[in-house]
Structure formats: C-alpha cells, structure tokens
Amino acid sequence: MASFSLCVYCGARPGNNPAYLDAATELGGSIAAAGMRLVYGAGDVGIMGAVARAAQAGGAETFGVIPTHLMQMEVGKTDLSTFVVTETMHERKKVMFMNADAVVVLPGGAGSLDEFFEALTWRQLGLHEKPIFLLNVGGYWDPLLGLMNHVVVEGFADKTLFTFVETVPDVPSLMAALA
C-alpha cells in the first residue's frame with residue numbers, strides 16, 4: 001500500500017492545449033514512479049482519465065470517487081484499486097480530500113475550481129494543513145492568481161492566502177516540492 005496519497009483535481013475534458021494532456025500523463029507516471037497513490041474523481045475522460053491511465057500503467061494504486069449522476073458522463077473508471085460511488089458531489093469531494101495527504105490542481109473547469117476553493121477555504125480556516133499545489137501548465141492558472149491577488153488587494157483576504165497555495169510550473173517541480 002502506498003504511504004502517500006496525492007489528490008488530483010483536474011478537467012473531465014482534454015482542453016485545447018495538448019500540454020494539458022501531456023502534463024496529466026507525466027503526473028500519472030510520476031505518481032507511480034514515486035510509489036504514491038492517486039486519489040481522483042474516478043473518470044476516464046479528459047485529463048482526469050489521462051492521469052489515471054498513466055498512474056495505472058506505472059503500477060500505482062488508484063483511488064477513485066464518483067457520484068452516481070456522473071457515472072455515464074465521466075465514464076466511471078471501475079478498474080481502479082479502489083472505486084467509490086457517492087450520492088452527491090459534496091460526498092465525492094469529502095471522500096477524495098479525506099483520503100489524501102496533499103492536493104494538486106491541474107487545468108480544469110468549474111468543478112476543479114470548486115474543489116480548489118473548498119480545499120483553500122478549509123486551509124484558510126485552519127481545518128487542515130495539507131499542501132495545495134496549482135500545476136500552472138503553460139500559465140493556465142495565471143488569471144486565477146490575479147483574481148486571488150485582487151481579493152487580497154481589495155481587502156477580502158489577508159496576503160497570507162498565498163501561503164496556503166504553492167504554484168509550480170511543471171510536474172518535476174511538483175514532485176520536488178512533494179519530496
């Protein structure tokens with residue numbers, strides 16, 4: 001059994017830049033090479049599926065969590081080491097987060113942003129101390145970082161908000177930060 005579990009939040013679509021799929025595949029392989037367990041949303045589509053397939057190909061343990069209403073849309077990947085089906089998205093996020101030692105967010109859409117902000121908010125409130133990483137593939141998260149800065153500048157958060165998130169440019173940088 002893997003001693004370290006990395007929760008990956010990412011898109012159920014491939015995105016328009018091939019670098020996103022490349023980073024997802026590299027991350028999955030790196031998780032396996034490091035002997036980590038992948039915790040993710042249990043889909044077999046988009047960059048979500050790419051991370052899982054690469055982790056599996058490298059022999060990593062995989063822990064997937066999917067709500068019943070997304071089984072068809074996200075093509076629930078049932079050949080994982082652990083496959084959990086929840087009733088709601090809230091349960092999915094809780095199970096994923098509670099079974100991970102750290103979080104990384106790859107490019108994604110509203111769902112990935114929701115997962116990121118929930119983990120960030122919980123960290124800001126002192127509910128956990130798990131590391132949170134933004135994998136900033138090709139500058140994908142630059143607008144988000146700008147928005148977070150705007151929130152701080154406008155007085156809705158303290159600048160310590162940025163101490164709860166580490167932005168890394170690529171998978172090797174992420175793996176070095178996790179080591």
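This is a predicted model: local features need pLDDT of at least 70, side-chain atom pairs count only at pLDDT 80 or more; totals for chains, interfaces and linings use all residues.
**Ground rules.** Residues count from 1 along each chain as its sequence is written, and side-chain values use heavy atoms, leaving out hydrogens and water. Local features need pLDDT of at least 70 and side-chain atom pairs count only at pLDDT 80 or more, while totals for chains, interfaces and linings use all residues.

**The sheet.** I looked up the strand order first. I found an open sheet of seven strands, ordered E4-E3-E2-E1-E5-E6-E7, with parallel pairing. Strands here are DSSP runs of E with at least two residues, helices are runs of H or I with at least four, and both are numbered from the N terminus; two strands pair if DSSP finds at least two bridges between them. E4 (82-86) and E7 (166-168) are the edges: each has a single partner strand, so one side of each lacks a neighbour in the sheet.

**E1 and E5.** Next I checked E1 (residues 5-9), which runs parallel to E5 (residues 102-105) and is joined to it by four bridges. Val8 sits opposite Val104 in E5.

**H3 against H4.** Which residues of H3 meet H4? I noted Lys93, Met96 and Phe97 in H3, meeting Asp114, Glu115, Glu118, Ala119 and Trp122 in H4, where contact means heavy atoms within 4.5 Å. The axes of H3 (residues 89-98) and H4 (residues 110-124) come within 11 Å and cross at roughly 60°. Axes are lines fitted to C-alpha atoms, for helices over the stretch in contact, with angles from 0 to 180 degrees between N-to-C directions.
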